[in-house]
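Let's take a walk through this model together. Have a look at the chain first, and then we'll go from the overall layout to the details.

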Amino acid sequence: MSAKITEESRQELSPETSSAQADVPVSLRIGAIVLRAVFIVALLIVVARVSAPQNESIWSAYETPGDLIRLALGVAVGLWVLLHLFMLPKDPEGYRTWVYLGLVIAPFALALAIFMY
C-alpha cells in the first residue's frame, strides 16, 4: 500500500465536492425556504409601499425630486431583495438559522406589511 494520496482521493476528501444540500433534512429545508420567502416577500411589500410616490400615480413622481429619488431607490432595493429571494443558503447552518430567525421575524414582517397596506 502506498502512502501517497492520489488526485482522486483528494477530490473525494474535499469539502467542495461534498453536497451540503444532502446533509440538510427535507423538513428543515422546506421550513427554512418557506419562512425565508415569507420574510422576503413581506420586505418587498414594505419597500414597495415606502418607495411609492406620495401623489396619486407613479407617473407623477417626476413632478417632485423627492418622489423620484424615493422611487429610484425603492426600485434598486426591491431588485436587490428580489435577487436574494432566489439565493438559497449554502450549508445546513444557514437553513437552521433561517428556521430559528424566520419563526420570529417572518410573522412580524408579515404583520407590518399587512398593516402598511
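This is a predicted model: local features need pLDDT of at least 70, side-chain atom pairs count only at pLDDT 80 or more; totals for chains, interfaces and linings use all residues.

Residues are numbered from 1 along each chain as its sequence is written, and side-chain values use heavy atoms, with hydrogens and water left out.

Start with the overall layout. The chain has 5 helices and 0 strands, so reading along the sequence gives α-α-α-α-α. Here helices (H or I, at least four residues) and strands (E, at least two) are DSSP runs, numbered from the N terminus. Of the 117 residues in the chain, 25% are buried; buried means under 20% relative accessible area, exposed means over 50%, and partly exposed is in between, with a 1.4 Å probe and protein chains only. The chain exposes about 8,700 Å², and carbon and sulfur atoms supply 70% of that area. Such areas come from the Shrake-Rupley method with a 1.4 Å probe, and for residues only the protein chains shown count as cover.

Now head inside. A nonpolar core is a set of buried Ala, Val, Leu, Ile, Met, Phe, Trp, Tyr and Cys residues joined through side-chain atoms within 4.5 Å. The largest one here has 10 residues: L35, F39, I40, A42, V46, V81, L85, A106, A109 and A113. Helices α3 (26-51), α4 (65-85) and α5 (92-116) each supply at least two residues of this core, and α3 gives the most, with 5 residues. A second, separate core of 5 residues includes L28, A32, Y95 and V99.

Helix α3 deserves a stop of its own. Its 26 residues reach 37 Å from the first C-alpha to the last, close to the 38 Å expected at 1.5 Å a residue; that expected span is 1.5 Å times one less than the number of residues. The buried residues of α3 include R36, V47 and S51, and the buried residues of this helix pack against α4 and α5. Leaving aside residues up to four places away in sequence, V46 touches L112, A113 and M116. P107 is found in helix α5 and is partly exposed, at 46% relative accessibility.

How many salt bridges turn up in the whole structure? The search finds 2, where a salt bridge is a side-chain nitrogen of Lys or Arg within 4 Å of a carboxyl oxygen of Asp or Glu. One joins D67 to R70, with the closest N and O atoms 2.9 Å apart. Both lie in helix α4, 3 residues apart, about one turn of the helix. D67 is buried at 5% relative accessible area, while R70 is partly exposed at 26%. The other joins E93 to R96, with the closest N and O atoms 2.4 Å apart. This pair lies in helix α5, also 3 residues apart, about one turn. E93 is partly exposed at 46%, and R96 is partly exposed at 28%.

Notes: Contact means heavy atoms within 4.5 Å.
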